[in-house]
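Subject: Structure handover

Hi,

Here is the structure for you to look through. My notes come after it.

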Amino acid sequence: MKKNSKQGNNPWENMNEKIDDVLGEKFWKDVLPVIPKRVPLIDIYETPTQGYMVLELPGLKSSKDVELSVQNNQLIIKGTIPNPYQVPKENLLQSERFFGTFKRSVSIPFSFIPQKLTAQYMQGVLLLTFQKSNQDIQVDIDFQD
C-alpha cells in the first residue's frame, strides 16, 4: 500500500488490516450493530488536470434521492437511500447495510472550476469529476500612509 505523502505517517492508516488479526471475525459480528453507520464512504484522488471524488451510495433510485452542493470549498452531500425491503428496518433479523437519510460534508482539497463539475451514478457509486483550476491570482497590495 502506497503512503500518501500529504498525509504523513498516520498511525491509524493500517488499523483495518491489523484489527482482524487481533480481534477476529466474531468481534465484527458483535460490534457492527452498535457502530453508527456513516455514509457515504468517500475516496478522493487527483491527476494534474482533474480531481475526483468517489462516493459509495448503493440503493439510490433516482437523482431525487441525493443532493450535492458546494459551499466554501466544502462538498455537501445529503439525501435518502430508500428501504429496499417490504418490511420495516426494525423487523430485519440482521441489518448491516445502510438506508435512510444522510448528510455529509467533505473538504475539497484542490482548486476547481465549479461550472465544470460533473456527476455520474453507476452500480452504487457516484463519481464526481472536478476540472481543476490552475489559474493563479496575483493580488496587488495597496500601502496606505
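Below is what turned up, from the whole chain down to single residues.

First, the ground rules. This is a predicted model, where local features need pLDDT of at least 70, side-chain atom pairs count only at pLDDT 80 or more, and totals for chains, interfaces and linings use all residues. Residues are numbered from 1 along each chain as its sequence is written, and side-chain values use heavy atoms, leaving out hydrogens and water.

The overall layout: the protein chain holds two helices and seven strands. These are DSSP runs, numbered from the N terminus (helices are H or I, at least four residues; strands are E, at least two). The order from the N terminus is α-α-β-β-β-β-β-β-β.

Of the 145 residues, 21% are buried. Buried means under 20% relative accessible area, exposed over 50%, and partly exposed in between (1.4 Å probe, protein chains only). The accessible surface is about 11700 Å², with 51% of it belonging to carbon and sulfur atoms. That area comes from the Shrake-Rupley method with a 1.4 Å probe.

Now the hairpins. Strands β3 (residues 66–71) and β4 (residues 74–81) pair antiparallel over six bridges. Pairing requires that DSSP finds at least two bridges between two strands. Val66 sits opposite Gly79 in β4. Two residues lie between the strands of this hairpin, and Asn72 takes a positive phi near 50°.

Strands β6 (residues 118–122) and β7 (residues 125–131) also pair antiparallel, over five bridges. Met122 has Val125 in β7 as its bridge partner. This hairpin too has two residues between its strands, and Gln123 in the turn has a positive phi of about 55°.

Two residues deserve a look. Asp65 lies in the loop between β2 (50–56) and β3. Asp65 is buried but has no salt bridge. A salt bridge here is a side-chain nitrogen of Lys or Arg within 4 Å of a carboxyl oxygen of Asp or Glu. The nearest side chain of opposite charge is Lys61, 7.2 Å away. For charge, Lys and Arg count as positive, Asp and Glu as negative; His and the chain ends are not counted. The Asp65 side chain does reach the backbone nitrogen of Lys61, at 2.6 Å.

Thr129 is in strand β7. Thr129 counts as buried because its relative accessible area is 12%. Beyond its neighbours within four places in sequence, Thr129 is in contact (heavy atoms within 4.5 Å) with Gln50, Gly51, Tyr52, Lys116, Leu117 and Thr118.

Best wishes

Definitions and conventions. Polar contact = N/O pair within 3.5 Å; in protein donor to acceptor, adjacent residues only side chain to side chain.
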